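Trainee: Could we go through this one together, starting with the charged pairs and then moving on to the pockets?

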Amino acid sequence: MTSESLKLYKLIILYFLSKAKQDITNAILSDFILEHGYTDYFSIQETLTALTEDNMIQANQTHTTCYYTITDKGWETLNFFVSQLPTDTIRQIDEYLAKHKIQIVEDTSIRTDYTKITSDEYLVRGTIMERGSTLMEVALSVPSEESAIDICKRFKSKSDDIYSYLLRTLSKD
């Protein structure tokens, strides 16, 4: 990867994150870059690592997903170099975000993760996010990793019901 292509990939990712205005998954970033043929998957991962190490983006890793957000240093860098990002690329990013907005919100608003506490105990966390703010977070202790994985999957598919139930139950006088 040449220094010019690395600079382009960095600017694409920084611009994408700045326009998304929320945490974006590795899968979403990769989908856009691969769909438009900018580079291959391994170069994307190398670029994300470089941006993270340079503190231009922040990574939040769960067991299944990595979420990225632009940092203040990333904003400064983008503002300085954005004129070097081709207008066609800017248009493609803007169109992709507009076209996939609903799917991006759905993919990033429900988060789950689990942590091993002891040899026979796992803490599962399920979070519902909206525009970067936490609406609800639930933590459960379970006896096995299999249970933790299963609860993570079920939380994603039943988050609306769980949120409604808790809000309704806790709001009653």
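Predicted model: local features only at pLDDT ≥ 70, side-chain atom pairs only at ≥ 80, totals over all residues.

Trainee: How many salt bridges does the count come to?

Mentor: To count, a side-chain nitrogen of Lys or Arg has to be within 4 Å of a carboxyl oxygen of Asp or Glu. K7 and E4 make it, with N to O at 3.8 Å. By this rule, the count comes to six.

Trainee: What separates K7 and E4 along the helix?

Mentor: Both sit in helix α1, which covers residues 3-20. K7 is partly exposed at 28% relative accessible area, while E4 is exposed at 53%. The two are three residues apart, so what separates them is about one helical turn.

Trainee: D23 and R111 meet in a salt bridge too, so how many residues apart in sequence are the parts the pair ties together?

Mentor: Their N to O distance is 3.0 Å. D23 lies in the loop between α1 and β1, whereas R111 belongs to strand β4, so the pair ties together parts that are apart in sequence by 88 residues.

Trainee: And is R111 buried or exposed?

Mentor: Buried means under 20% relative accessible area. R111 has 12%, so R111 is buried.

Trainee: On to the pockets: which element gives the largest share of the lining of the largest pocket?

Mentor: That pocket has a volume of about 480 Å³, and 17 residues line it, with A20, K21, Q22, K101 and V105 closest to its centre. The elements giving two or more residues to the lining are α1, α5, α6 and β5. The largest share is five residues, and it comes from α6.

Trainee: How many charged residues are in that lining?

Mentor: Sort the lining of the largest pocket by class. Six are nonpolar and four are polar, and the charged ones number seven.

Trainee: Which element gives the largest share of the lining of the second largest pocket?

Mentor: This one has a volume of about 170 Å³, and its lining residues include E106, I128 and Y163. Elements that give two or more residues are α6, β5 and α7. The largest share is four residues, from α7.

Note on methods. Residues numbered from 1 in each chain as written. Heavy atoms only, no water. Buried < 20%, exposed > 50% of the residue type's maximum accessible area, 1.4 Å probe, protein only. 1 Å grid on protein atoms, 1.4 Å probe; cavity = no way out; pocket = protein on both sides within 12 Å on 5 of 7 lines; lining within 4 Å. Points joined across faces, edges and corners; volume = space filled by probe spheres on them. Nonpolar A, V, L, I, M, F, W, Y, C, P; charged D, E, K, R; others polar.
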